[in-house]
Amino acid sequence: MASSMVHVEHVTKTYPGGTQAVRDLSLEIPEGEIFTLVGPSGCGKTTTLRLIAGLEEPDAGVISFRDRRIVDIAQRIFVRANVRNVGMVFQSYAIWPHMTVEENVGYPLKLRGVSRGRIREQVAATLQLVGMAGMEKRPAPLLSGGQQQRVALARALVYEPDLLLLDEPFSNLDAKLRDQMRVEVKLLQHRLGITVVFVTHDQVEALSLSDHIAVMNLGELQQVGKPELLYQHPANPFVRDFLGKTILLRGLVSARGADGQVAVGVRGADDCVLFARGYDIRGFTPGQEVNVAIRPEDVELVAGEGIGTPTSAIGGTVEARLFMGERTEYRVAVPDQEPLLVYGRREQMVDEGGQVWLRPHGQNIAVWPA
Ligand SMILES: Nc1ncnc2c1ncn2[C@@H]1O[C@H](COP(=O)(O)OP(=O)(O)O)[C@@H](O)[C@H]1O
Ligand SMILES: [Mg+2]
């Protein structure tokens with residue numbers, strides 16, 4: 001792994017009034033990557049970003065940039081925000097409406113006493129970078145949402161910060177523009193090689209944009225890892241359900257294998273035994289009630305009319321069919337289970353009321369205590 005750009009150690013932050021927004025948080029943010037903090041609203045993402053930026057002071061803990069201590073509460077060290085060389089785009093990115101694009105983007109340089117000629121050069125180069133070359137003189141009110149977003153990004157990048165902090169920067173954009181900006185931020189990060197800490201509550205944004213993800217809930221870190229790892233091997237049900245959809249099946253442990261796998265008989269489907277892995281395997285014993293978790297894309301839906309019982313399949317009845325364009329989703333009633341939401345292929349439609357078989361496959365079946 002690359003060396004770390006930001007190191008957060010045992011940081012806690014309580015706001016006046018008593019809300020503990022961040023609890024004993026430790027993070028290592030590698031240099032030159034996009035590192036994403038994701039979690040539901042109120043879990044402490046913005047607070048964490050503001051602690052890194054120096055806009056909030058923690059109650060306890062240490063924050064370092066590379067090997068330099070920026071904050072150490074026990075040692076009474078606190079480096080002020082304006083000398084941390086961090087660029088930040090807030091959720092409400094608020095560019096100044098009475099200024100042109102050039103004045104907006106050049107403002108941080110003006111504050112730093114940079115000469116006019118140099119400001120002009122830097123602004124032009126940064127606008128080029130965010131895809132707004134030549135738009136210097138445009139008044140801010142005449143920009144579209146996406147263009148305003150780019151100006152906010154340019155303003156955060158113009159003084160060449162070591163670290164770029166982005167707090168839900170796309171939340172005010174419509175879905176199409178959000179998809180486009182996501183790709184652009186990724187390309188921009190590749191070009192600049194800058195370290196980006198990205199905050200979002202959107203799991204798709206987190207999965208698609210990040211080199212590493214930290215999932216937070218109620219001020220506490222849940223799991224850190226690469227997107228694929230978190231999606232395939234979530235450490236707890238919170239991470240599992242936050243990062244994507246899950247089909248949960250009730251079952252009984254029938255055997256434990258030496259290799260750490262657990263055989264689970266699915267309730268309501270006599271013939272269906274699934275081989276699943278647990279995050280913490282020690283807890284499972286034969287006869288124990290468990291839940292088996294499978295991602296919907298790992299369950300094959302087969303039309304049931306006129307075929308015999310396939311091996312290790314779960315029989316059910318289609319309650320509702322939802323055509324989604326790229327796929328069709330089926331709500332399937334299964335004996336002794338909650339109704340399941342399953343994906344079907346576009347070329348194979350099953351009518352509502354039709355019989356189907358569900359066949360879980362793949363290596364990523366997980367077992368959890370019921
Ligand atoms: N300035 C503040 N004063 C008091 N409580 C705050 C303040 N800012 C945030 N909080 C509280 O701290 C918790 C975490 O907030 P925040 O970091 O903004 O979460 P997120 O960005 O994940 O939505 C929430 O309960 C929020 O209400
Ligand atoms: Mg926030």
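So, the largest nonpolar core: it has 33 residues, and the ones touching the most other members are Val 105, Met 132, Leu 153, Leu 164 and Leu 166. By a nonpolar core I mean a set of buried Ala, Val, Leu, Ile, Met, Phe, Trp, Tyr and Cys residues joined through side-chain atoms within 4.5 Å. Buried is under 20% relative accessible area, exposed is over 50%, and partly exposed is in between, with a 1.4 Å probe and protein chains only.

Quick housekeeping: this is a predicted model, where local features need pLDDT of at least 70, side-chain atom pairs count only at pLDDT 80 or more, and totals for chains, interfaces and linings use all residues. Residues are numbered from 1 along each chain as its sequence is written, chains are lettered from A and ligands numbered from 1 in the order written, and side-chain values use heavy atoms, leaving out hydrogens and water.

Helices H2 (101-111), H3 (116-129), H4 and H5 and strands S8 (163-167) and S9 (195-200) each give it two or more residues. H4 has the largest share, six residues. Helices (H or I, at least four residues) and strands (E, at least two) are DSSP runs, numbered from the N terminus.

Take Leu 164. Setting aside neighbours within four places in sequence, its contacts include Gly 87, Met 88, Leu 153 and Val 197; contact means heavy atoms within 4.5 Å.

Now, how do H4 and H5 pack? H4 (residues 145-157) and H5 (residues 175-192) meet at an angle of about 25 degrees, with axes 11 Å apart. Axes are lines fitted to C-alpha atoms, for helices over the stretch in contact, and angles run from 0 to 180 degrees between N-to-C directions. The two helices are therefore roughly parallel, a label for angles under 35 degrees.

Who meets whom? On the H4 side, Arg 150 and Leu 153 are among the residues in the contact, and on the H5 side, Gln 180, Met 181 and Glu 184 are among them.

Not counting residues up to four places away in sequence, Arg 150 touches Val 130, Met 132, Gln 180, Met 181 and Glu 184.

Last, two loop residues. Glu 160, in the loop between H4 and S8, has a positive phi of about 50 degrees without being a glycine, and Glu 160 is exposed at 56%. Leu 218, between strands S10 (212-217) and S11 (220-225), also isn't a glycine and has a positive phi near 50 degrees. Leu 218 is exposed at 60%.

Note on methods
Angles under 35 degrees count as roughly parallel, over 145 as roughly antiparallel, 65 to 115 as roughly perpendicular and the rest as oblique.
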